[in-house]
Amino acid sequence: MKNFVRLPLVAVVGWVVIASAGTAPNAPAVDAKRLDQVLAGDQRSEKNRARDVYRHPRETLSFFGAQPNLTIVEIFPGDGWYTEVLAPLVRGTGKLYAAHYDPDSTLTYAQNSLKRYREKLASRPDVYDQVTLTVLSPEKHEIAPPGSADLVVTFRNMHNWMNSGYAPAAFKAMYDALKPGGVLGIEEHRGRTDQPQDPDAKSGYVREDYAIALIESVGFKLVARSEINANPKDTKDYPAGVWTLPPTYRLKDQDHAKYEAIGESDRFTLTFVKPAS
């Protein structure tokens with residue numbers, strides 16, 4: 001591995017390095033037994049569990065350094081795919097904030113998504129009773145108390161903030177929520193490098209270099225890259241953007257078998273640090 005830089009992080013996160021691919025070789029070992037127990041738990045729906053082959057939650061959360069004793073903020077949890085893992089992972093030993101849509105939003109899809117998420121939390125108080133709901137929107141940015149979080153994670157959401165015009169503000173909110181030395185872990189649909197980045201990300205794809213530059217512009221420093229969620233079959237040139245692929249299948253039956261064979265999107269997986277000073 002060439003041209004890497006070593007940076008110190010807080011004790012709960014340890015040491016990681018900038019790398020071209022793979023996991024950060026000096027990242028601290030997570031509680032693998034606990035994570036495996038959570039992943040096998042009955043709180044996970046079979047529908048969500050079936051997507052592990054594409055989403056690699058064990059490897060991704062290990063790469064991010066998720067630990068049971070951390071204060072974690074999940075940004076835009078949607079219907080709770082990753083909450084099914086994160087909430088029981090930290091329950092009783094750490095803390096999970098879930099920064100969802102604004103309950104005052106006038107957008108129907110935002111209200112429906114938030115309603116489904118609230119119903120999920122209410123359905124299993126033995127799992128989700130300690131999750132604290134917060135808000136991230138163009139106008140509201142306090143996703144957790146300032147300087148309280150060890151780790152912020154977000155999965156396939158950057159294009160949403162770009163499309164709504166507040167990506168810099170969203171990442172600044174994450175920066176403010178983290179402790180000095182805290183970590184941001186991000187996964188996003190990876191755009192093609194032979195095409196300029198659409199600032200509105202209408203296709204759902206974001207160039208990796210574009211993402212790094214934008215995130216570092218608010219003060220973060222890139223720490224490590226991983227190819228955990230790479231998919232070389234993804235050609236990124238579909239009529240309905242990334243939503244042509246599973247699980248959305250926006251074209252429905254049109255070329256369904258073709259898109260099923262491709263699988264879910266090619267994604268970059270990155271970690272950044274909020275500098276300690």
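This is a short walk through a predicted model, one selection at a time.

Before you click: residue numbers start from 1 along each chain as its sequence is written, and side-chain values use heavy atoms, with hydrogens and water left out. Because the model is predicted, local features need pLDDT of at least 70 and side-chain atom pairs count only at pLDDT 80 or more, while totals for chains, interfaces and linings use all residues.

**Stop 1: α1 and α4**

Select residues 32-39, helix α1, and residues 57-64, helix α4. (Helices are DSSP runs of H or I with at least four residues, strands are runs of E with at least two, and both are numbered from the N terminus.) The two pack at about 140° with axes 11 Å apart; axes are lines fitted to C-alpha atoms over the stretch in contact, and angles run from 0 to 180 degrees between N-to-C directions. That makes α1 oblique to α4, since under 35 degrees counts as roughly parallel, over 145 as roughly antiparallel, 65 to 115 as roughly perpendicular and the rest as oblique.

Now show side chains: Ala-32, Leu-35, Asp-36 and Leu-39 of α1 touch Pro-57, Arg-58, Leu-61 and Ser-62 of α4, where contact means heavy atoms within 4.5 Å. By class, that is five nonpolar, one polar and two charged residues. (Ala, Val, Leu, Ile, Met, Phe, Trp, Tyr, Cys and Pro count as nonpolar, Asp, Glu, Lys and Arg as charged, and the others, Gly among them, as polar.)

**Stop 2: α1 and α5**

On the α1 side pick Arg-34, Leu-35, Val-38 and Leu-39; they meet Glu-84, Val-85, Pro-88 and Leu-89 of α5. This contact has six nonpolar, no polar and two charged residues.

**Stop 3: two backbone spots**

Jump to Ala-201, in the loop between β7 (178-189) and α10 (208-216). Its phi is near 50°, positive in a residue other than glycine. Then go to Pro-247, in the loop between β8 (221-226) and α11 (256-262). The peptide bond from Pro-246 to Pro-247 is cis, with omega near 10°.
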